[in-house]
Amino acid sequence: MPSTAEIAEQYFAAVGRQDIKGMTDCWQPGKRSRILGLAELQAPEEIAEWFGNLFRAFPDFKFEVEKIISDENMAAIHWSAKGTFDGLGTFEGFKPTGARVAIEGIDVIKVEDGKIQSLVAAMNGLDLARQIGAVPPAGSAPDKALAAAFNAKTALVEQVKKLRS
């Protein structure tokens, strides 16, 4: 039976090839993947659908494993990805903007009986949102205006609380 590191390598190589069948073949059906702040997915159907949308929206998606650290049943994978948001459809509700993105993250997987049982992925979703243009660039005038509007709302809520007391 393949080791946890070999299963991780197999799965992430399939991600890099945009090979959805290869990806889902690594999973125990019915098990869950959590992409923190973005999605909760059940294998294999929801994983296939989510990554299908990702690959259609970023047709030149390139994925690279930076490092895998594993033991008998767990592996941590540091990865990086690049692509252009210029494909078909939408990603997380956003239509392609033509923006180039470069992100990195860490996934932790649990493997039993040669299949992935769970995966938790963490990446900087705010950075991704900024890169695709869904959120203003850090430090820009629109970013400062958004922060000012948020702070004004917070101050107003505090004033309402004081008036009710």
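Let's start with Phe63, which counts as buried at 16% relative accessibility, since the cut-off for that word is under 20%. Keep in mind as we go that this is a predicted model. Phe63 has a neighbour in Phe61: their ring centres are 6.2 Å apart and their planes meet at 25°, so this pair is stacked. Both of these residues, Phe61 and Phe63, are buried.

Now widen the view. Searching the whole structure turns up 11 aromatic pairs. One of them joins Phe12 and Phe63 in a stacked arrangement, with 5.7 Å from centre to centre and 10° between the planes. Phe12 belongs to helix H1 (residues 4-17) while Phe63 belongs to strand S3 (residues 62-70), so this contact ties together parts that are 51 residues apart in sequence. Phe12 is buried too, with a relative accessible area of 4%. Phe12, Phe61 and Phe63 are members of one aromatic cluster, which also includes Tyr11, Trp27, Trp50 and Phe91.

With Phe12 as our guide, let's follow helix H1. The buried residues of H1 are Thr4, Ile7, Ala8, Tyr11, Phe12, Ala14 and Val15. Looking down the axis of H1, you would find these buried residues within an arc of 150°, so they line one face of the helix. Tyr11 and Phe12, both on that list, also take part in the aromatic cluster. After H1 comes Gln18, with a positive phi near 60°.

Note on methods:
Residues are numbered from 1 along each chain as its sequence is written. This is a predicted model: local features need pLDDT of at least 70, side-chain atom pairs count only at pLDDT 80 or more; totals for chains, interfaces and linings use all residues. Side-chain values use heavy atoms; hydrogens and water are left out. Rings of Phe, Tyr and Trp (its six-membered ring) pair if their centres lie within 6.5 Å; planes under 30 degrees apart count as stacked, over 60 as edge-to-face and the rest as tilted. Helices (H or I, at least four residues) and strands (E, at least two) are DSSP runs, numbered from the N terminus. Buried means under 20% relative accessible area, exposed over 50%, partly exposed in between (1.4 Å probe, protein chains only). The arc is that of the directions from the helix axis to the C-beta atoms.
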